[in-house]
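This report covers the charged pairs and the nonpolar parts of one structure. The sequence and the model come before the details.

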Amino acid sequence: MVATAPNALVVNKDFPARNVAELIALAKKDPGKLSFGSSGVGGANHLSGELFRQMAGIDIVHIPIRAQLRP
């Protein structure tokens, strides 16, 4: 092992899924409708989201969110 990185799965309080099983069921019901964000392409959060997608057998869309740097 080279490194470890903690991750968290977080949804809006109004999101209908209350656990991971419900999230997977929603994603399977409507493939391609749900998305997940990360700090950018190829980072730990992006890759863990892709691993989750693959292991769960779901079709969710990655949205890279570029951090805004302040001068």
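## Salt bridges and nonpolar groups

Arg-53 has a relative accessible area of 29%, so Arg-53 counts as partly exposed. The model is a predicted one. Arg-53 pairs with Glu-50 in a salt bridge, with 2.7 Å between the closest N and O atoms. Both residues belong to helix α2 (residues 44-56), where they sit 3 residues apart, about one turn of the helix. Glu-50 is also partly exposed, because its relative accessibility is 21% and the buried class ends under 20%.

The structure has 2 salt bridges. In the other entry of the table, the side chains of Lys-13 and Asp-14 meet. Lys-13 is exposed, with a relative accessible area of 66%, and Asp-14 is exposed at 60%.

| Salt bridge | N to O distance |
|---|---|
| Arg-53 and Glu-50 | 2.7 Å |
| Lys-13 and Asp-14 | 3.7 Å |

Side chains of opposite charge can pair when their charged atoms come close.

The largest nonpolar core has 9 residues: Ala-17, Leu-23, Ile-24, Ala-27, Leu-34, Phe-36, Ala-56, Ile-58 and Ile-60. Helix α1 (residues 20-29) supplies the largest share of this core, 3 residues. Leu-34, one of the core residues, touches Phe-15, Leu-23, Leu-26, Ala-27, Ile-60 and Val-61, leaving aside residues up to four places away in sequence.

Val-61 also takes part in a nonpolar surface patch of about 240 Å², together with Ile-63 and Ile-65. Ile-63 lies in strand β2 (residues 61-64). The relative accessibility of Ile-63 is 39%, so Ile-63 counts as partly exposed.

Note on methods
Residues are numbered from 1 along each chain as its sequence is written. This is a predicted model: local features need pLDDT of at least 70, side-chain atom pairs count only at pLDDT 80 or more; totals for chains, interfaces and linings use all residues. Side-chain values use heavy atoms; hydrogens and water are left out. A nonpolar core is a set of buried Ala, Val, Leu, Ile, Met, Phe, Trp, Tyr and Cys residues joined through side-chain atoms within 4.5 Å. Buried means under 20% relative accessible area, exposed over 50%, partly exposed in between (1.4 Å probe, protein chains only). Helices (H or I, at least four residues) and strands (E, at least two) are DSSP runs, numbered from the N terminus. Contact means heavy atoms within 4.5 Å. Patches are made of residues with over 30% relative accessible area and no salt bridge: like charges are joined within 9 Å, nonpolar side chains (Val, Leu, Ile, Met, Phe, Trp, Tyr) within 5 Å. Accessible areas come from the Shrake-Rupley method with a 1.4 Å probe; for residues, only the protein chains shown count as cover. A salt bridge is a side-chain nitrogen of Lys or Arg within 4 Å of a carboxyl oxygen of Asp or Glu.
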